[in-house]
Every structure is written in C-alpha cells, then in structure tokens.
Amino acid sequence: MNRFLIFYLASLVLFVLLSAAKCSHNKQERTEERDAINLFERGLEVHKAGNYEAALSYYTQSIAKDSTQYVTFLNRGYVKEILKDTLGAIQDYVIANRLNNTNPIPLNNIGAVYYERHQPEIAEKYFLEAIRVDSLESDPYYSLGLIAYDRCQFQKAISFFKRFIELKDIVSKRLSTGDLYNELMPEYEVYHTLSLYYIGLSYKNLNQIDSAIYYLKQALSGGISEAADSLNLIHENKR
C-alpha cells in the first residue's frame, strides 16, 4: 500500500529565501550560495521530469556548495527512496530533520521508509514524533491508521483514518500556500477515499455493520471497486 507523501517540489522559493537571509559579505560565499541555488533549481527541473539519477546528481552538487539547506536533503532523500536506496534516504531525512526540527515531513518520510521496509514498530515511532512536531500534518495519521489496521486494532485505525479525513481543509490550505494544490491535492483525495474504505472494513471487523455499509458505500462512490466485494459479502451474510 502506497502512502501519501509530500516532498518539496516547490521549495525553491524557500531555499532562495534562506540563502538570501545569510547576507554573506564574502564574495566567494555568495558565489557558492548562488551556485547551490542554480544546481538545486536544475535538480528540481529534472526531478519533476522523472529523471531521478540526474536529480540526485544535481542535489548532491548543490549540497557540496551549501550543506545548510534542509529542503535539498529532503528532496535528495525522496529521490534516493525512489531509486531504492532506502538507507541513503533515511540518512538524508535525518539530516533534513536536524537542520529543521520544526518541520514534520522529514520525520514522516523516515517513518514511511521504515514502514515500506516492514519495520512498523520503528515507523510508528517516527509517525508519532511527526505528529508531536505538528499535530495538523495529515500524512502520519493515515500511515498510523494502516499500522493499526494491520495489527487488527480496528478502533484505533478508525480514529487515525478519521483524523486524516478531518484535516482535509488544512491540507487544502497548506498545499495552496505552497503552490502545490493542483499537483498534490488529487493524491490526497485518493488517500481520503482509501481512508473511507479502511474505516468501513474496520467497522465490518468490529461487527458494526450499519457503519461499515455507510463508509464502504462512500468508498465505492469514490472509485474503490474493492468496496463492492465487502458490501456484497455483508449483504450475503444478512440473508
């Protein structure tokens, strides 16, 4: 199961602002910073185009020029994850978190990598820490819902998935602020519908059939065809 993952494709603006904020009076330092920004921008361009090997190279070159920008490590970590270098991805996310420990996304991404490595206990720790840093960040709730569901902790799963759904307006506002709405909101909507599906399945496992039917019907109308099988099974058992 994929997880909803935000990475900063639009973080160039933040990168530039942070670099400018240094106000270096050293000509060589200013040149290094400009070079780092240019390399980051080129990495961002090929990243968006799906050329991950080239993106990795540009991000690495940018870091060599300026290793103080957490967004570069964050994006490079995501590229490494795509290229199946999960340990390298974790290392970059750890550095990103160290450079900016008020942002929950590096912590969430570390948790996501561990979840995909079938280490849910470690993943859970990072997801919970991400929520501690920012309780309005939606991603960890969905992932914690999956972990709880896998453990047959259905009531707990329902709570996490419902919280993910409740944060829809916050997600919308944050993506709009970051100029990422058109790119990432449709992805959130997919996981929003999947949350409805898992809530329905959880209620079904808890034998709360009316609630199960309610959420499974919503999931079905949202395009989750598997919900039809669960609904059919419920109706057959009622006969």
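Mentor: The side chains of D134 and R174 meet in a salt bridge, 2.8 Å from N to O. The pair links distant parts of the chain, with D134 in the loop between α7 and α8 and R174 in helix α10, 40 residues apart. A salt bridge here is a side-chain nitrogen of Lys or Arg within 4 Å of a carboxyl oxygen of Asp or Glu.

Trainee: Before we go on, what sort of model is this?
Mentor: This is a predicted model, where local features need pLDDT of at least 70 and side-chain atom pairs count only at pLDDT 80 or more, while totals for chains, interfaces and linings use all residues. Residues are numbered from 1 along each chain as its sequence is written, and side-chain values use heavy atoms, with hydrogens and water left out.

Trainee: And how are the helices picked out?
Mentor: They're DSSP runs of H or I with at least four residues, strands being runs of E with at least two, and both are numbered from the N terminus.

Trainee: Back to that pair. Is D134 buried or exposed?
Mentor: D134 is buried, at 15% relative accessible area. R174 is partly exposed, at 36%. Buried means under 20% relative accessible area, exposed over 50%, and partly exposed in between, using a 1.4 Å probe and protein chains only.

Trainee: Which other residue forms a salt bridge with R174?
Mentor: E137, with the closest N and O atoms 3.4 Å apart. R174 sits in helix α10 and E137 in the loop between α7 and α8, so this pair ties together parts 37 residues apart in sequence. E137 is buried too, with a relative accessible area of 7%.

Trainee: How many salt bridges turn up in the whole structure?
Mentor: Nine. Among the linked residues, R76, K80 and D92 form a network of salt bridges. There's also E166 with R163, 3.4 Å between the closest N and O atoms. Those two both lie in helix α9, three residues apart, or about one turn of the helix. E166 is exposed at 54% relative accessible area, and R163 is partly exposed at 27%.

Trainee: Let's switch to α10. Which of its residues are buried?
Mentor: In α10, residues 168-177, the buried ones are V171, S172 and L175. Seen down the axis, they fall within an arc of 100 degrees, so they line one face of the helix. That arc is taken from the directions from the helix axis to the C-beta atoms.

Trainee: What's on the face turned away from them?
Mentor: That face of α10 carries the exposed residues D169, K173 and T177.

Trainee: And what do the buried residues pack against?
Mentor: α11, residues 181-205. M185 is found in α11, and M185 counts as buried at 4% relative accessibility. Leaving aside its neighbours within four places in sequence, M185 is in contact with K168, V171, S172, L175 and L180, contact meaning heavy atoms within 4.5 Å. M185 and S172 are 13 residues apart in sequence and 6.8 Å apart C-alpha to C-alpha.

Trainee: Last one, α7. Which residues are buried there?
Mentor: A123, E124, Y126, F127, A130 and I131. The buried residues of α7 pack against α6 (105-116), α8 (139-150) and α9 (154-166).
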